[in-house]
Amino acid sequence: MTERRARGTSPAGRGDRRSSRSARSRPAASGKGRTTAGARAAARRAAKSAKPARSEHKILGLSTGRAVLLAAVVAALALTLAVPLRTYFSQRAEAQQLAAERAQLEAEVAELRDRRAQQQDPAYTRAEARDRLRLVMPGETPYIVQVPGIEQPAVPSPTSKPREPDPWYTELWRSISEPQPTPTQEGAPG
């Protein structure tokens with residue numbers, strides 16, 4: 001019971017119905033403007049329904065606030081994933097580059113092993129000595145065939161180019177740094 005009094009309701013349970021009290025306490029107007037409480041309530045309901053509803057803008061079927069929130073979440077995810085993805089792709093490209101470099105180096109190593117095995121062969125060493133150094137085995141006679149008209153081309157001598165004049169600033173520096181010869185005066189006692 002104390003609870004009802006604290007809220008401002010009467011013990012009879014009528015409560016605060018100011019709208020209905022105010023309607024009863026007003027004197028009824030005479031003439032055309034006379035309406036009952038039920039008619040007034042109906043008029044109020046009609047007025048509420050006649051008010052234009054606040055139109056909400058929609059983006060992709062979502063209200064504007066929800067669309068903004070969704071865009072913020074997507075932007076946060078994009079920023080969160082940008083750095084790891086960039087690192088992933090750069091490391092992937094570097095790994096491909098290193099794999100190509102490794103394949104090239106392995107091919108070079110295989111070529112060098114073949115060359116080493118070839119140079120360790122005594123027959124290859126003899127053939128190279130004959131071709132490059134014109135060496136012969138003991139007891140063989142070397143022959144050099146010279147065909148007329150086919151001679152070794154002469155080494156061209158370097159042509160001497162005429163010396164180009166020095167630039168103007170070099171000439172200027174020389175004229176300042178080197179002493180000028182003094183002209184001899186004729187008829188001067190000497």
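**Figure 1. The annotated coiled-coil region, residues 88-120.** In this predicted model, the segment shown corresponds to the feature "coiled-coil region", which an unreviewed UniProt entry places at residues 88-120. The chain over residues 88-120 is 97% helix and 0% strand.

**Figure 2. The annotated transmembrane region, residues 67-89.** UniProt, again in an unreviewed entry, lists residues 67-89 as "transmembrane region". Here the chain is 100% helix and 0% strand, and 31 Å separates the end C-alpha atoms. Helix α4 comprises residues 64-119, and Leu-85 has its place in that helix.

**Figure 3. The aromatic pair Tyr-88 and Phe-89.** The structure holds two aromatic pairs. In the pair formed by Tyr-88 and Phe-89, the ring centres are 5.2 Å apart and the planes stand at 65°. Because an angle over 60 degrees counts as edge-to-face, the pair of Tyr-88 and Phe-89 is assigned to that class. Tyr-88 has a relative accessibility of 46% and counts as partly exposed. Phe-89 is likewise partly exposed, its relative accessible area being 47%.

**Figure 4. The aromatic pair Trp-168 and Tyr-169.** The rings of Trp-168 and Tyr-169 form an edge-to-face pair. Their centres are separated by 5.7 Å, with an angle of 80° between the planes. Both Trp-168 and Tyr-169 are exposed.

**Figure 5. A nonpolar surface patch that includes Tyr-88 and Phe-89.** Leu-81, Leu-85, Tyr-88 and Phe-89 together make a nonpolar surface patch of about 420 Å². Leu-85 lies in helix α4 and has a relative accessibility of 45%.

**Figure 6. The protein chain as context for the close-up views.** Six helices and two strands make up the secondary structure of the protein chain. Along the sequence, these elements follow the pattern α-α-α-β-β-α-α-α. The chain has 190 residues, of which 2% count as buried. Its accessible surface amounts to about 18,900 Å², and carbon and sulfur atoms account for 57% of that area.

Definitions and conventions
Residues are numbered from 1 along each chain as its sequence is written. This is a predicted model: local features need pLDDT of at least 70, side-chain atom pairs count only at pLDDT 80 or more; totals for chains, interfaces and linings use all residues. Side-chain values use heavy atoms; hydrogens and water are left out. UniProt positions are given in the numbering used here, feature names are shortened, and annotations may be inferred rather than shown by experiment. Helices (H or I, at least four residues) and strands (E, at least two) are DSSP runs, numbered from the N terminus. Rings of Phe, Tyr and Trp (its six-membered ring) pair if their centres lie within 6.5 Å; planes under 30 degrees apart count as stacked, over 60 as edge-to-face and the rest as tilted. Buried means under 20% relative accessible area, exposed over 50%, partly exposed in between (1.4 Å probe, protein chains only). Patches are made of residues with over 30% relative accessible area and no salt bridge: like charges are joined within 9 Å, nonpolar side chains (Val, Leu, Ile, Met, Phe, Trp, Tyr) within 5 Å. Accessible areas come from the Shrake-Rupley method with a 1.4 Å probe; for residues, only the protein chains shown count as cover. A salt bridge is a side-chain nitrogen of Lys or Arg within 4 Å of a carboxyl oxygen of Asp or Glu.
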